[in-house]
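Please look through the sequence and the structure shown below before reading on.

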Amino acid sequence: MVHFGYIVVAVSIGVLVSLQPSINAVMARELSSSLLASTISLSVSFCLIMLAWRLLGKGGGDISQIRDLPWWIVIGGAAGMVFVVGGSAAMMSMAAVWWT
């Protein structure tokens, strides 16, 4: 049986992922640049991921292992960038930004 906490976490993640393009679009509008807003968003994500990696100590790993990864593995990071930049640019162009 699935633990109720996992369901809450999964729904929360889904809500946050669905809100991200709108939130980034508001930031892009305020900064007059979807690329700057995306850079800030991804920088915050990077810092939080690194902090969690250091504090939680789970997953281990050594950053030097990156040299041993296949070249195509970076497609995941590129896809994340396309999601963030594309989402904020699309939301701005659709005039879907109604917050503020």
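In which hand does H1 pass H3 where they cross? H1 passes H3 in a right-handed crossing, where a crossing is called right-handed if the near helix is turned clockwise from the far one by less than a right angle, and left-handed if anticlockwise. This is a predicted model, in which local features need pLDDT of at least 70 and side-chain atom pairs count only at pLDDT 80 or more, while totals for chains, interfaces and linings use all residues. Residues are numbered from 1 along each chain as its sequence is written, and side-chain values use heavy atoms, with hydrogens and water left out.

Two packed helices are described by the angle between their axes and the distance between the axes. Helix H1 covers residues 4–31 and helix H3 residues 75–93, and their axes come within 8 Å and cross at roughly 65 degrees. Here helices (H or I, at least four residues) are DSSP runs, numbered from the N terminus, and axes are lines fitted to C-alpha atoms, for helices over the stretch in contact, with angles running from 0 to 180 degrees between N-to-C directions. H1 and H3 are therefore roughly perpendicular to each other, a term for angles of 65 to 115 degrees. On the H1 side, Val17, Gln20, Pro21, Ser22, Asn24, Ala25, Ala28 and Arg29 meet Phe83, Val84, Gly87, Ser88, Met91 and Met92 of H3, contact meaning heavy atoms within 4.5 Å. The residues of this contact of H1 with H3 divide into 8 nonpolar, 5 polar and 1 charged, with Ala, Val, Leu, Ile, Met, Phe, Trp, Tyr, Cys and Pro counted as nonpolar, Asp, Glu, Lys and Arg as charged, and the others, Gly among them, as polar.

Helix H2 (residues 34–56) also packs against H1, for the axes of H1 and H2 come within 8 Å and cross at roughly 125 degrees. That makes H1 oblique to H2, the word for angles that are neither under 35 degrees (roughly parallel), nor over 145 (roughly antiparallel), nor roughly perpendicular. The contact is made by Gln20, Asn24, Met27, Ala28 and Leu31 of H1 and Ser34, Leu36, Ala37, Ile40 and Ser41 of H2, and by class it has 6 nonpolar, 4 polar and no charged residues.

Two residues of this contact deserve a separate look. Serine 41, in helix H2, counts as buried at 11% relative accessibility, and asparagine 24, in helix H1, is buried with a relative accessible area of 4%; buried means under 20% relative accessible area, exposed over 50%, and partly exposed in between (1.4 Å probe, protein chains only). The side chains of serine 41 and asparagine 24 make a polar contact (3.4 Å), that is, a pair of N or O atoms within 3.5 Å, one able to donate a hydrogen and the other to accept it. Not counting residues up to four places away in sequence, asparagine 24 touches Ala37, Ser41, Val84 and Ser88.

Note on methods. Helix = DSSP H or I, 4+ residues; strand = E, 2+ residues; numbered from the N terminus.
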